[in-house]
Amino acid sequence: MDVARVLLDKGTWSWACFMAEEAVHAALRHLFALRDCYPHMRIGHMKLELLAASLRFLFPSWRWSEDSEMQEMFHAAITLGPYYTDTRYPSPEGSHPMPYEAFTEEQATWAVAVASRALRAISERQVALAMSA
């Protein structure tokens, strides 16, 4: 997240959005690693939404519907997911400008804030899992 914040401060908004997405993606993959599921995840970059949804099966004992922080993490996964490609590649139809022209300071600020909150929620789960192991 530090890189995303630096990019936000420098006005490189598309890359700040991308790094926010990547930070959440890496943290979610780490949850899989805590359950020794990481070798099965070596299929490249999974869609962030799919990765987050898979956690429901990996951790069935968590009270997902009652956990507002994890609900926020799922929201972050759904909303940040498209930033994996949209921030780096132009539209194949040419319907929107180049990524560095398409993203705004408002979008980057929002992405960094959402990712930061999601990372806090994920971090708390990582600590709990490590202590229960």
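This is a predicted model: local features need pLDDT of at least 70, side-chain atom pairs count only at pLDDT 80 or more; totals for chains, interfaces and linings use all residues.
View 1. When residues up to four places away in sequence are not counted, serine 116 touches Met1 and Arg5.

**View 2. Isoleucine 122, a buried residue of helix 7.** Helix 7 spans residues 105-132, and isoleucine 122 lies within this element. Because its relative accessibility is 0%, isoleucine 122 counts as buried. With neighbours within four places in sequence left aside, the residues in contact with isoleucine 122 are Val24, Ala27, Leu28, Leu31 and Met73. One of these contacts, alanine 27, stands 95 residues from isoleucine 122 along the chain, yet the C-alpha atoms of the two are separated by 6.8 Å.

**View 3. The buried face of helix 4.** Helix 4 comprises 13 residues, 68-80. From its first C-alpha to its last, helix 4 reaches 18 Å, which is close to the 18 Å expected at 1.5 Å a residue. The buried residues in this helix are Met70, Met73, Phe74, Ala76, Ala77 and Leu80. Viewed down the axis of helix 4, these buried residues fall within an arc of 155 degrees, and so they line one face of the helix. Ser68 and Ile78, on the other side of helix 4, are exposed. Met73, listed among the buried residues of helix 4, is also one of the residues in contact with isoleucine 122.

**View 4. The chain as the setting for the close-up views.** The secondary structure of the chain consists of seven helices and zero strands. Read along the sequence, these elements give the pattern α-α-α-α-α-α-α. Of the 133 residues in the chain, 41% are buried. Considering contacts between residues at least 6 apart in sequence, 66% join residues at least 24 apart.

How values were computed. Residues are numbered from 1 along each chain as its sequence is written. Side-chain values use heavy atoms; hydrogens and water are left out. Helices (H or I, at least four residues) and strands (E, at least two) are DSSP runs, numbered from the N terminus. Buried means under 20% relative accessible area, exposed over 50%, partly exposed in between (1.4 Å probe, protein chains only). Contact means heavy atoms within 4.5 Å. The expected span of a helix is 1.5 Å times one less than its number of residues. The arc is that of the directions from the helix axis to the C-beta atoms.
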